[in-house]
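Subject: Structure handover

Hello,

Here is the structure for your files. Please open it alongside this note, which goes through what was found.

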Amino acid sequence: MRIVIAENRGFCSGVKRAIRIAQENAKGGKVSSLGPLIHNRHAVQELEEKGIKVVRGIDEIEGKVLIRSHGIDPKLFTELKRRNLEIVDLTCPNVAKAQHYARSLSEEGYEVVIVGEAEHPEVKGLLGFAGEGGRVFTPNMKVGMRVGVIAQTTSDPDQLIGAVTYLLPRTNELKVYNTICAETLRRRLEAISIAQEVELMFVIGGKNSANTSRLAEVCSRYVRTYHIEDAGEITPDLLDGPDSVGIVSGTSTPEWVIDQVIKKLRERRNQGDEER
Ligand code: SF4
């Protein structure tokens, strides 16, 4: 069995940065993360063991408050400051750039349309920067004549193209910022390329991770694909038949989780060689 492993794997730069700074802060006393720092239960568990507590609301905060890589609504930021909380802002620089464009488009009088998942924390934060007219793109939405578009950093580029195609004939002026993060795009292109050359694909990452789910979706267009959180989900029957397997991962998947999947597949391959 041939195993093809993506070169772009493990944490992305934004997640690495957030984890490094969070851990440094945890050494000096209590820290609370406003929501899970990243969308991966293995990583969140590890961080909790290092003293980073996940809280759901402002009233639960103890010690310093960590703003995760997804960023937050500026109104929430103001409220944290009002309460004199010590803030450690881990907003990914790519997300901060999207927030900046949302705000500048709104200030220039554009109706801001965000391409992404309405329920995702990054998009909820972006809406806060997009001013009163800010909305998440929906098919058949009605818009005014001057529209500014940004995308959730982990969006599928096809979604952004689809939204622009829809909006173009319905506006007089359309300003588009491509805010999709380059790391997301690189992983997507590599995933598509691997999916085209193997018979089975494993996409590793949290079930609650938006970028992992999108990788799994795009791979499934080409080949039988399983979105798994760890090696424990690979049952022997899944490996009966295929001669080649591809492995890709989301941007919030720890390297050790990927290594365990690789190890399991290699063991299976070696076992197969012995049987032959
Ligand atoms: S996927 Fe891109 S935008 Fe999101 S945290 Fe990673 S580097 Fe930042």
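Start with a helix. At the start of α2, a side-chain oxygen of N40 comes to within 3.0 Å of the backbone nitrogen of H42. Helix α2 covers residues 41–49, and H42, A43, V44 and L47 in it are buried. Buried means under 20% relative accessible area, exposed means over 50%, and partly exposed lies in between (1.4 Å probe, protein chains only). After α2 comes G51, with a positive phi near 95°.

Two ground rules before going on. This is a predicted model, in which local features need pLDDT of at least 70 and side-chain atom pairs count only at pLDDT 80 or more, while totals for chains, interfaces and linings use all residues. Residues are numbered from 1 along each chain as its sequence is written, and side-chain values use heavy atoms, with hydrogens and water left out.

D230 sits in the loop between β11 and β12. Its side chain joins that of H42 in a polar contact of 3.0 Å. A polar contact is a pair of N or O atoms within 3.5 Å; within protein, one must be able to donate a hydrogen and the other to accept it, and residues adjacent in sequence count only if both atoms are side-chain atoms. D230 is buried, at 14% relative accessible area. Leaving out residues up to four places away in sequence, D230 touches R41, H42, V257 and V261. Contact means heavy atoms within 4.5 Å.

E229 lies in the loop between β11 (224–228) and β12 (244–249). E229 is buried too, with a relative accessible area of 12%. What does the side chain of E229 reach at 2.7 Å? The backbone nitrogen of K207. Beyond its neighbours within four places in sequence, E229 contacts R41, H42, I204, G205, G206, K207 and V257.

**Domains 1 and 3**

The domain assignment gives domain 1 (2–9 + 183–275), domain 2 (13–93) and domain 3 (97–180). Such bounds come from an automatic or database assignment. The C-alpha centres of domain 1 and domain 3 are 32 Å apart. Eight residues from domain 1 and 11 residues from domain 3 make the contact. Together the two domains bury about 730 Å², 50% of it on carbon and sulfur atoms. Buried area is the accessible area (1.4 Å probe) that two parts lose on being put together, summed over both.

The rule finds six residue pairs in polar contact across this interface, both residues at pLDDT 80 or more. On the side of domain 1 that touches domain 3, α7 (182–195) and α8 (210–220) are the elements that give two or more residues. The largest share, four residues, comes from α8. That side divides into two nonpolar, two polar and four charged residues. In this count Ala, Val, Leu, Ile, Met, Phe, Trp, Tyr, Cys and Pro are nonpolar, Asp, Glu, Lys and Arg are charged, and the others, Gly among them, are polar.

**Salt bridges**

The whole structure holds 24 salt bridges. The test is a side-chain nitrogen of Lys or Arg within 4 Å of a carboxyl oxygen of Asp or Glu. Five of them cross the interface of domain 1 and domain 3.

- R221 and D156 pair through their side chains at 3.4 Å, N to O.
- D158 and R188 meet at 3.3 Å, N to O. This pair links distant parts of the chain, with D158 in helix α6 (residues 157–167) and R188 in helix α7, 30 residues apart. D158 is partly exposed at 41%, whereas R188 is buried at 9%.
- D156, D158, R188, E217 and R221 are linked in a network of salt bridges.
- E197 and R2 meet at 3.1 Å, N to O. E197 lies in the loop between α7 and β10 (200–204) and R2 in strand β1 (residues 2–5), so the pair ties together parts 195 residues apart in sequence. E197 is partly exposed at 38%, and R2 is partly exposed at 41%.
- E119 and K124 have their closest N and O atoms 3.4 Å apart. E119 is exposed at 62%, while K124 is partly exposed at 44%.

Best wishes
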